Each structure stands twice: as structure tokens, then as C-alpha cells.
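Here is a short briefing to read with the model open beside you.

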Amino acid sequence: MLLMSKQKELHSRFLKAFDAANAMDEILIPIDLRLQFYAYYKQATINSSHFYSPNDPDQIRNAFKMNAILQVKDLSPDEAKLAYIDLVNETIIKYKVDIDL
């Protein structure tokens, strides 16, 4: 029961971090950082029983997305959620974003 409670807490923190990241659309975040957000999010939310493949019509963009995904493929969904939360917190501090997390 304790494990379920911790997973629910983690998921709640992840959703709050996701909302904060979406609110940061106004600031200029470098593309490599955006790709990290993308990869952690996908790893945290896509069913791990199948491999996710980007389907953007731009092949170069697909290549960058796939590279980002491959870099985090060994993370569990919970590890990816934690990494996503940490990345959001680091970005808020680095770019002095006025968002409470």
C-alpha cells in the first residue's frame, strides 16, 4: 500500500512539473533542453512493452527526437518522471522562471 501511495505522489509531482513546463513555452529554452523534456516525458508516459517512434513529417526532427529517446530508454517510467521533475526544477532556477512547483 505504501508503494502505491509513493507512486501516486510521484505521478502527482510529475503532472505538476508537466504543467510548469508547459507554462514555460513563453521563454526561449534551447532545443537540446526541449529534447530532454520530450524524451523524459515519453519514457515516463509511453507503455514500455513497445518502442515509441516519433512520427513527425520532418525527418531531421524525427532523428533528433529518436536520439533523445534512445538516451533515456533504459530508465523506468518512475525514473523518467523523477528526471523530468528535476529537469523542470533546474530549468526554473537557471532561467529564473516565475513558476511555483
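The largest pocket holds about 460 Å³ of space. A pocket here is an open set of points on a 1 Å grid over the protein atoms alone, where a 1.4 Å probe fits, with protein on both sides within 12 Å along at least five of seven lines, and its lining residues have an atom within 4 Å of a point. Grid points are joined across faces, edges and corners, and the volume is the space filled by probe spheres set on the points. This is a predicted model, in which local features need pLDDT of at least 70 and side-chain atom pairs count only at pLDDT 80 or more, while totals for chains, interfaces and linings use all residues. Residues are numbered from 1 along each chain as its sequence is written, and side-chain values use heavy atoms, with hydrogens and water left out.

**The largest pocket**
- Of the 19 residues lining the largest pocket, Ile31, Arg34, Leu35, Phe37 and Tyr38 are the closest to its centre.
- Helix H1 (2-23), helix H2 (31-45) and H3 are the elements that give two or more residues to this lining; helices are DSSP runs (H or I, at least four residues), numbered from the N terminus.
- The most comes from H2, with seven residues.
- Sorted by class, the lining has twelve nonpolar, one polar and six charged residues. Ala, Val, Leu, Ile, Met, Phe, Trp, Tyr, Cys and Pro count as nonpolar, Asp, Glu, Lys and Arg as charged, and the others, Gly among them, as polar.
- Ile31 lies in helix H2 and is exposed because its relative accessible area is 61% (exposed means over 50%, buried under 20%, and partly exposed in between, with a 1.4 Å probe and protein chains only).
- From Ile31 to Tyr41 is ten residues in sequence and 15 Å in space, C-alpha to C-alpha.

**The nonpolar core**
- The largest nonpolar core has 24 residues, and Met24, Phe37, Tyr84 and Val88 have the most contacts inside it. Such a core is a set of buried Ala, Val, Leu, Ile, Met, Phe, Trp, Tyr and Cys residues joined through side-chain atoms within 4.5 Å.
- H1, H2 and H4 each give two or more residues to this core, and H4 gives the most, with seven.
- Beyond residues up to four places away in sequence, Tyr84 touches Phe14, Ala17, Phe18, Ala21, Phe37, Tyr40 and Tyr41 (contact means heavy atoms within 4.5 Å).

**Helix H4 and what follows**
- The 18 residues of H4 should span 26 Å at 1.5 Å a residue, and the end C-alpha atoms are 25 Å apart, which agrees; the expected span is 1.5 Å times one less than the number of residues.
- Its buried residues are Ala80, Lys81, Ala83, Tyr84, Ile85, Leu87, Val88, Thr91 and Ile92.
- Thr91 sits in H4 (residues 77-94) and counts as buried because its relative accessibility is 2%.
- Lys96, in the segment after H4, has a positive phi of about 50° although it is not a glycine.
- Lys96 is exposed, at 71% relative accessible area.

**Asn62 in helix H3**
- Asn62 belongs to helix H3 (residues 59-71) and is buried, with a relative accessible area of 10%.
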